[in-house]
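Please look over the model below before reading my points. They go from the surface to single residues, then to the whole chain.

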Amino acid sequence: VACVQSMRQQVRAGRYAARGAEPAQQSWRYYISSDVLDAQTFNATVRAHWSIENDCHWVLDVNYREDEWLIRRAHGPHNMATLRRIAQNQIKLDVGKGSQKTKRKRMGWSDDYLQGLFGLTPCSALQPQVTAVG
């Protein structure tokens, strides 16, 4: 059994709240593990878990504004989350220049680009285009 104490500072408009405006929130998390780990190894394990969790959710929230969607009935939330992850995975496979957000917008603007990402056209956007010289 292990216990982790963490401090959380509220972020407002992309900046930390003014000093003294809001105190940092303290929380305790408890873990159960079958492994016997020293403090440093356990800390690295917990940070690695939260790093994966935060990276995935952060990208989906920033690029797709996932937290703002109002789909809440039946299978809608799960279906939309699956479609967003499929789109995100296809964008990661694109070898072209540009941020993930730009590529996502380009998928909406260009049917050719969208079809190329999903391999629906002979000249896929995932492969560098080769032109004949001569």
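1. Patches are made of residues with over 30% relative accessible area and no salt bridge; like charges are joined within 9 Å, and nonpolar side chains (Val, Leu, Ile, Met, Phe, Trp, Tyr) within 5 Å. A salt bridge is a side-chain nitrogen of Lys or Arg within 4 Å of a carboxyl oxygen of Asp or Glu. Accessible areas come from the Shrake-Rupley method with a 1.4 Å probe, and for residues only the protein chains shown count as cover. Leu 83, Ile 86, Phe 118 and Leu 120 make a nonpolar surface patch of about 400 Å².

2. This is a predicted model, with residues numbered from 1 along each chain as its sequence is written. Local features need pLDDT of at least 70, side-chain atom pairs count only at pLDDT 80 or more, totals for chains, interfaces and linings use all residues, and side-chain values use heavy atoms, with hydrogens and water left out.

3. Leu 120 lies in the segment after helix H4 (111–117). Helices (H or I, at least four residues) and strands (E, at least two) are DSSP runs, numbered from the N terminus. Leu 120 is exposed because its relative accessibility is 64%. Buried means under 20% relative accessible area, exposed over 50%, partly exposed in between (1.4 Å probe, protein chains only).

4. The buried residues of H2 are Ala 81, Arg 84, Ala 87, Gln 88, Gln 90 and Ile 91.

5. Gln 88 has 5% relative accessibility, so it counts as buried. Contact means heavy atoms within 4.5 Å. Leaving aside neighbours within four places in sequence, Gln 88 is in contact with Val 59, Asn 63, Tyr 64 and Gln 100.

6. Check Ala 74, in the loop between helix H1 (39–64) and H2. Its phi is near 50°, a positive value in a residue other than glycine. Ala 74 is exposed, at 77% relative accessible area.

7. Ser 6 sits in strand E1 (residues 2–8). It counts as buried, at 19% relative accessibility. Its side chain makes a polar contact of 2.8 Å with that of Ser 27. A polar contact is a pair of N or O atoms within 3.5 Å; within protein, one must be able to donate a hydrogen and the other to accept it, and residues adjacent in sequence count only if both atoms are side-chain atoms.

8. Overall, the elements run β-β-β-β-α-α-α-α from the N terminus on. Buried residues make up 17% of the 134 residues.
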